[in-house]
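Reader: I've got a model open and a few things I'd like to ask about it. Shall we go through them one at a time?

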Amino acid sequence: MKTIIALLLLGIASPVFAHPALGPETFYTGFLHPLTGADHLLMLSGAGVLAALGRSPRLYMGCVLAAMVVGALFGRISGPFQGMESVILVSMFVVGAIIIIARGSAARWAIPVLALAHGWAHGVEGNNDGFLSFGVGFVISSSLILLVGFVLGSLLRRHPLVRKLCGVGWIAAAMAVVSG
């Protein structure tokens, strides 16, 4: 798996750019953003699945959301970091790999760490007008995606083979995003 991810990263010369332009930063555009960005859909729904597969699902989902908010604040204050887009890209693959690995795996705690980069990018890219209202919409929509993933993960708990196939599906979807 590490080799596949390394090869994919070597082949990528540009940032992820998985989001369509939605216009000025408002609550509405913040709410729509996670729903229209494949990177957010994959990472957040996968995080919801992982929450259902492990212990303390509310704490886990709260950590994912908190990491995105903290990342946005740090991105706002300090600007981009080297490899920010690559971390976002990797998160889409990692969530699928962890879904495959095992139910309740401690590796799932890598996702809140990777979620920092998702928020960080928005802190960097956001403008002063509407940043807060965009953020509120973004967090609400992200919470809903996490919940949908949680419901799916709850169904997958008793079906390890189907769970692994879903993890492969997450990786395949990430490859589709990367290939455009």
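Reader: Among contacts between residues at least 6 apart in sequence, what share joins residues at least 24 apart?
Author: Bear in mind that this is a predicted model. The set to look at is the contacts in the chain between residues at least 6 apart in sequence. Of those, the share that joins residues at least 24 apart is 82%.

Reader: Can you give me an example from helix H8? How far apart in space are Trp 170 and Val 95, C-alpha to C-alpha?
Author: Trp 170 is found in helix H8. Along the sequence, Trp 170 and Val 95 are 75 residues apart. In space, C-alpha to C-alpha, the two are separated by 7.5 Å.

Reader: Is Trp 170 buried or exposed?
Author: Leaving out residues up to four places away in sequence, Trp 170 touches Leu 42, Ser 45, Gly 46, Val 49, Met 92, Val 95, Gly 96, Ile 99 and Leu 152. Its relative accessible area is 10%, and the cut-off for buried is under 20%. Therefore Trp 170 counts as buried.

Reader: And Gly 169, how does that one count at 36% relative accessibility?
Author: Gly 169 also lies in helix H8, with its C-alpha 9.9 Å from that of Ile 100, a residue 69 places away along the chain. Buried would need under 20% and exposed over 50%. At 36%, Gly 169 falls in between, so the label is partly exposed.

Reader: Over to helix H5. Which residues is Ser 91 in contact with, leaving aside neighbours within four places in sequence?
Author: Ser 91 is found in helix H5, residues 84–101. It counts as buried, at 0% relative accessibility. Beyond its sequence neighbours, the contacts of Ser 91 are Met 43, Leu 114 and His 118.

Reader: Where does the nonpolar patch get its largest share of residues?
Author: The patch covers about 550 Å² of surface and is made by Phe 27, Leu 132, Val 136, Ile 140, Leu 144 and Leu 147. Ile 140, one of these, is partly exposed with a relative accessible area of 39%. The largest share, five residues, comes from residues 131–156, that is, helix H7.

Reader: Now the second largest pocket: which helix gives the largest share of its lining?
Author: That pocket has a volume of about 220 Å³. Of its 13 lining residues, the closest to the centre are Val 69, Ala 72, Phe 131, Gly 135 and Val 139. Helix H4 (57–78), helix H6 (110–125) and H7 each give two or more residues to the lining. The largest share, seven residues, comes from H7.

Note on methods: Residues are numbered from 1 along each chain as its sequence is written. This is a predicted model: local features need pLDDT of at least 70, side-chain atom pairs count only at pLDDT 80 or more; totals for chains, interfaces and linings use all residues. Side-chain values use heavy atoms; hydrogens and water are left out. Contact means heavy atoms within 4.5 Å. Patches are made of residues with over 30% relative accessible area and no salt bridge: like charges are joined within 9 Å, nonpolar side chains (Val, Leu, Ile, Met, Phe, Trp, Tyr) within 5 Å. Accessible areas come from the Shrake-Rupley method with a 1.4 Å probe; for residues, only the protein chains shown count as cover. A salt bridge is a side-chain nitrogen of Lys or Arg within 4 Å of a carboxyl oxygen of Asp or Glu. Helices (H or I, at least four residues) and strands (E, at least two) are DSSP runs, numbered from the N terminus. Buried means under 20% relative accessible area, exposed over 50%, partly exposed in between (1.4 Å probe, protein chains only). On a 1 Å grid over the protein atoms alone, a cavity is a set of points where a 1.4 Å probe fits but cannot get out, and a pocket is an open set with protein on both sides within 12 Å along at least five of seven lines; lining residues have an atom within 4 Å of a point. Grid points are joined across faces, edges and corners, and a volume is the space filled by probe spheres set on the points.
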